[in-house]
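Please have the sequence and the structure at hand while reading.

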Amino acid sequence: MVTLAVAATTAAIALGGVTSPASADPAGSLAVGTAKCDGASHPEPGIQGDVPAAQRDSGATRTGYSCNMRRIGAYTGHGGGITSTSIGSCAYMGSLFPNSLVGPAAGVQVIDASNPARPRHSATLTAPAMLAGTWESLKANRRSELLVGTGVPALFGAGLMAVYDVSDCAAPKLLNPEVGGTAAPLPISAHEGGFSPDGRTYWASGLGPGFLSAVDLSEPSRPRVLWQGLTGLSTHGIGVSADGNRLYLASNFGGITVWDVSAVQRRYRNPQVRRLAELTWTDGCATQHSVPVTYGGKQYLFTVDEGGSGGVKLIDVSTPTRPRIVNKLKLAINLRQNVDSATASSAGGGVFAYESHYCAADRPANPTALACGWFSSGIRVVDVRDPFDVREIAYYNPPARTGQESSLSNSPHALLSVAGVPLLSVPAVLQSLASGQFDPGQARSSRTGRVMGDLSTDWCASPPEWRGRQLWATCADNGFQVLELSASAYTPPPDQQSTVGS
């Protein structure tokens, strides 16, 4: 997640049409197919993904919207942080600085969801990195059974890393009290981060400049930096191939770079990391992360844009030196011809309108479904068995917690509600204007001109992780939620394995 200053800079650069020899920018004029909702659903009333101004102002959004999905359990606490993660039967709610130091929910909250209908708070993690705010760095790895978070007080962080043993997921044990804390910090920058699939390497990514560090966790009590370097002007999240040899690094300017990290994966002495390719675009910015998958053995990415209504891009990386966009997954509200409607309804809702953020595939090879968190549009699930012919099968947009800002000390939405202008949509607005598809009259509503934000929707920024027909999702205002898809909408594959990419 980026905030106001970074959003404005990213928007300006994205609008300038950043290009490279491998740039690509298809128009993306079609939305994913619309879900057919069952009789137990409470469908959204307007354009796919939209929350109309009238619904926000009337308070109707306090009941939320659903299609083929229902909430069966929740732990709200004081909000869900920026991004959260889960492993086994537990979830870990990211911490938000400065309330992470002194607020009623100091540190990272551990949620035991062994009874999904009644998730409960089981522990609080208070290592320095957890108290400093974990931003988008909090990740868990099922192979190593490790949880890692880096300290990121406000956009940028440096030095602090906490490594926990989560083999008993409800009672994590801090493994590195002497290395990675305030007394012996690591030489890393922090904002984002994630694991190699085998759990031996944690990649810490700074926002700007693009400082990337490979941290060895072979001895978790003594994490050490194996390699680090500058990779660009402003980087974001990552995705790592299944063999750990390729890293896909997101750019806040809209795009990805592909890196050969095999020397780190193989633990060569003085490893060298090589950039193989760059792919940029102007349809979307603040690129968030990538989920590496394969179809028929061929390598692809689902890559998510956090800004500019870019949605999720399907990128063919089978030739790593020549990545190319081959499809886009957008909601109707993200299309250029609907950006005026999005402007009308999202005014006064915060710095985000209807942007995507983090996704999870239901298995790494031949995934059948992709679940994504969307700002203001909730949790969206798309059938991706054929990645070139996708359709939405379910969604859950949680109840708005309008007027409850004071009780949500760990919600970035509540913290940023002082600003109501959707800055991350500026590139989409200008591109819609330039293409002649923006109607200023359609962009006006009862909310136009509001500079203060409200909680008339929720922000669902964490990856929704798969557990059979359940999705474990954490949203800023509603906290941790256990959602269940209807049997008619989704059948889990026998080898289901929730895949975030890092």
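A salt bridge is counted here where a side-chain nitrogen of Lys or Arg lies within 4 Å of a carboxyl oxygen of Asp or Glu. The model is a predicted one, and by this rule the count in it comes to 22 salt bridges.

**Salt bridges**

One of these links joins D216 to R224, with the closest N and O atoms 3.4 Å apart. Because the relative accessibility of D216 is 7%, this residue counts as buried, whereas R224, with a relative accessible area of 46%, is partly exposed.

A salt bridge also forms between the side chains of R275 and E278, where the N to O distance is 3.8 Å. R275 is partly exposed, its relative accessible area being 46%, and E278 is likewise partly exposed, with a value of 31%.

R450 and D454 make a further salt bridge through their side chains, at 3.6 Å from N to O. R450 counts as partly exposed at 31% relative accessibility, while D454, at 15%, is buried.

**Disulfides**

A disulfide is a covalent bond between the sulfur atoms of two cysteines.

| Pair | S to S distance | Torsion about the S-S bond |
|---|---|---|
| C90 and C169 | 2.1 Å | 60 degrees, right-handed |
| C359 and C372 | 2.0 Å | about 105 degrees, right-handed |
| C460 and C475 | 2.1 Å | 95 degrees, right-handed |

The disulfide between C90 and C169, right-handed with 60 degrees about the S-S bond, links distant parts of the chain, 79 residues apart, with C90 in strand 4 (residues 90–93) and C169 in the loop between strand 10 (161–165) and strand 11 (173–174). Both C90 and C169 are buried.

For C359 and C372, the torsion about the S-S bond is about 105 degrees, so this disulfide is right-handed. C359 lies in strand 25 (residues 356–361) and C372 in strand 26 (residues 369–374), so the pair ties together parts that are 13 residues apart in sequence. Both of these cysteines, C359 and C372, are buried.

In the disulfide of C460 and C475, the sulfur atoms are 2.1 Å apart. This pair links distant parts of the chain, 15 residues apart, with C460 in the loop between helix 8 (426–434) and strand 29 (465–467), and C475 in strand 30 (residues 470–475). C460 is buried, with a relative accessible area of 0%, and C475 is buried as well, with a value of 1%.

When the bonded cysteines of the protein chain are numbered in sequence order, the pairing reads 1-2, 3-4, 5-6, 7-8. C285, by contrast, is in no disulfide, and the nearest cysteine sulfur, which belongs to C359, is 16 Å away. At 1% relative accessibility, C285 counts as buried.

How values were computed. Residues are numbered from 1 along each chain as its sequence is written. This is a predicted model: local features need pLDDT of at least 70, side-chain atom pairs count only at pLDDT 80 or more; totals for chains, interfaces and linings use all residues. Side-chain values use heavy atoms; hydrogens and water are left out. Buried means under 20% relative accessible area, exposed over 50%, partly exposed in between (1.4 Å probe, protein chains only). A disulfide is a pair of cysteine sulfur atoms within 2.5 Å. Helices (H or I, at least four residues) and strands (E, at least two) are DSSP runs, numbered from the N terminus.
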